[in-house]
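Please look over the chain shown here from end to end. Then follow the paragraphs below with the model open.

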Amino acid sequence: MQNALTISGNNLTLDDIYQVSHKHRPVEIEEKSMELLVNTRKLVFELSDRGVPIYGCNRGVGWNKDKNVTSEMIIRFNSNMMHSHAVGVGPYAPQEDVRAAMLIRLNTVLLGCTGLSPEIAVLLKEMLNREIHPLIPERGSVGEADIVNLSFLGLALMGEGLVNYRGKEIKAKDAFKAEGIEPVTLREKDGLAVISSNAFSAGQAASVLFETELLLKTADIIACMSLEGLSGNVSSLREGVHNKRRYNRQTETAADMRKYLKGSYLYEPCSGRPLQDPLSYRCVPQVHGAVRTAMDYAASNLTIQCNSSDDNPCLLYEEGDIASNGNFDPLCWVLGMQNLGIALCHISRLSCLRTIKLASPGFTGLSRHLTPDEGTIAFSTIQKSFANLDAEIRMLANPVTMNTYSLSGDMEDISTNAPLVMQKDKKIIDNLFYILAIELLHAGQAMSLRNAGNCGKGTGAGYKALRRVVDFYDSDNRILSIDIDKAYTLLKSGDFLKSVLNGLED
């Protein structure tokens, strides 16, 4: 068994989230954090016993914020809260996103600002470790706390609804029974503590960032392969050039590209080579570096979200008080994720432009559309596919954080559409893997037509990885959609990147 990740509410990293959500690393709760949960739970009852009005505890929620909730009503009140808020719309979120959301919510309750029953935190931990994941619809939240989505987590904690248990969809109560654990009864403030959080959209954001990292590294390598297919100029990658610009992520990108191209024939003198290449080739470090900078901004603010309280009301244990607030507004980090989607449009556009250039004899000196002979159509019609995908990306990148209504009796009059931002980013990334797959087909074809002899160490490994799944295009008697899908799967699975990195080590 892997070493467990011990969480405390303060030190969760994006890599930790990846290890738990994708690699199923087990989780433990720091002992001091459990002690804090016990003490803050006591404070909730002390405040309530003194007659302090507490939203979601002795008072209702939403439009019913001023209605009294007696101790006799509390179990039914919390149960009704979960059922009435469970209005999400499919499809169900991927298991990895659900695990990320569960982990993030568990981590943030450990800050002691919810007043949550400690046994709920323990059950959340057990559900992660025993692979019991509630089926959570992706759509329905307007991004001002994901109450619609996290209500399905609340139902699962109560032993209701459906869960994915070790790869099978079954009733939550049956999964608990199989593991010998008991569901919880939600009491004072428990229901609100479970759902008043942006953990669901934060979990999706973490998944977006994981995929973006893979995408950018893959795009760097394919751009290098396209440069070899073009017989382009490597002067734009020189270390001194990028050191003068002083953007760290640009400098790092150029360094990686030089590593992939090490040993390439492009470094050999060639009298017929143009002095400068088109900008879609020459500016790759600048553009990819800028996208990485946007990713860094989003990641740093998401990390704050995952280690801070977004609870309303917020329990102030040190002050012995509780306060209504707006900490559930996630705009600071959602803007970063929205900006990342816009930034990714530039990756798409550069890839499409490079691919168009590879099909043009005026730039490559090779055959039109990289045909093996004059009677072959080859990569002509395929341009419509990546143009369509790129158009969809630009549509998806349109900002939505300001598209809001005034809801809940005009009390909730702003929102961010946080989950929608993440879902749009995911679709952008998926489209981009297809676009890069098409560029890879072109780059590989061009490298083959040049006999793919003196490739760089990394680009050569990339070429071999492509040829293991897609052969050289030698006639029109094949369906290119099949080749696109094979290349897409190679890229999105991470196998292409692994092959290149392994090739660099050989």
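This is a predicted model: local features need pLDDT of at least 70, side-chain atom pairs count only at pLDDT 80 or more; totals for chains, interfaces and linings use all residues.

Residues are numbered from 1 along each chain as its sequence is written, and side-chain values use heavy atoms, with hydrogens and water left out.

Start with the whole chain. The C-alpha atoms fill a box of roughly 85 × 50 × 45 Å, taken along the principal axes. The protein chain holds 20 helices and 9 strands. These are DSSP runs, numbered from the N terminus: helices are H or I with at least four residues, strands E with at least two. Of the 506 residues, 55% count as buried. Buried means under 20% relative accessible area, exposed over 50%, and partly exposed in between, with a 1.4 Å probe and protein chains only. Among contacts between residues at least 6 apart in sequence, 78% join residues at least 24 apart. A contact means heavy atoms within 4.5 Å.

Next, the domains. The assignment gives domain 1 (3–195) and domain 2 (207–311 + 326–503). Such bounds come from an automatic or database domain assignment. The C-alpha centres of domain 1 and domain 2 lie 38 Å apart. Their contact takes 29 residues from domain 1 and 27 residues from domain 2.

Now the helix packing. Helix 3 (residues 74–85) packs on helix 6 (residues 147–157) at about 130°, with the axes 8 Å apart. Axes are lines fitted to C-alpha atoms, for helices over the stretch in contact, and angles run from 0 to 180 degrees between N-to-C directions. Helix 3 and helix 6 are therefore oblique to each other. Angles under 35 degrees count as roughly parallel, over 145 as roughly antiparallel, 65 to 115 as roughly perpendicular and the rest as oblique. Helix 3 brings M82, H83 and H85 to the contact, and helix 6 brings I147, V148, S151, G154 and L155. By class, this contact has 4 nonpolar, 4 polar and no charged residues. Nonpolar covers Ala, Val, Leu, Ile, Met, Phe, Trp, Tyr, Cys and Pro; charged covers Asp, Glu, Lys and Arg; the others, Gly among them, are polar.

I74 also belongs to helix 3. Is I74 buried or exposed? I74 is buried, at a relative accessible area of 3%. I74 and L186 are 112 residues apart in sequence, yet 8.3 Å apart in space, C-alpha to C-alpha.

Helix 9 (residues 199–230) packs on helix 18 (residues 457–469) at about 95°, with the axes 9 Å apart. The two are therefore roughly perpendicular. I221, C224, M225 and E228 of helix 9 meet T459, G462 and Y463 of helix 18. Helix 9 also crosses helix 20 (residues 495–505) at roughly 65°, and their axes come within 10 Å. Here L214, K217, T218, I221, I222 and M225 of helix 9 meet F496, L497 and V500 of helix 20. That contact divides into 7 nonpolar, 1 polar and 1 charged residues.

Last, the backbone. Most residues other than glycine have a negative phi, and most peptide bonds are trans. A cis peptide bond joins G90 and P91, with omega about 5°. P91 sits in strand 3 (residues 89–92). The bond from N312 to P313 is also cis, with omega near -5°. R246 has a positive phi near 70°. R246 lies in the loop between helix 10 (239–245) and helix 11 (248–261), and counts as exposed at 72% relative accessibility.
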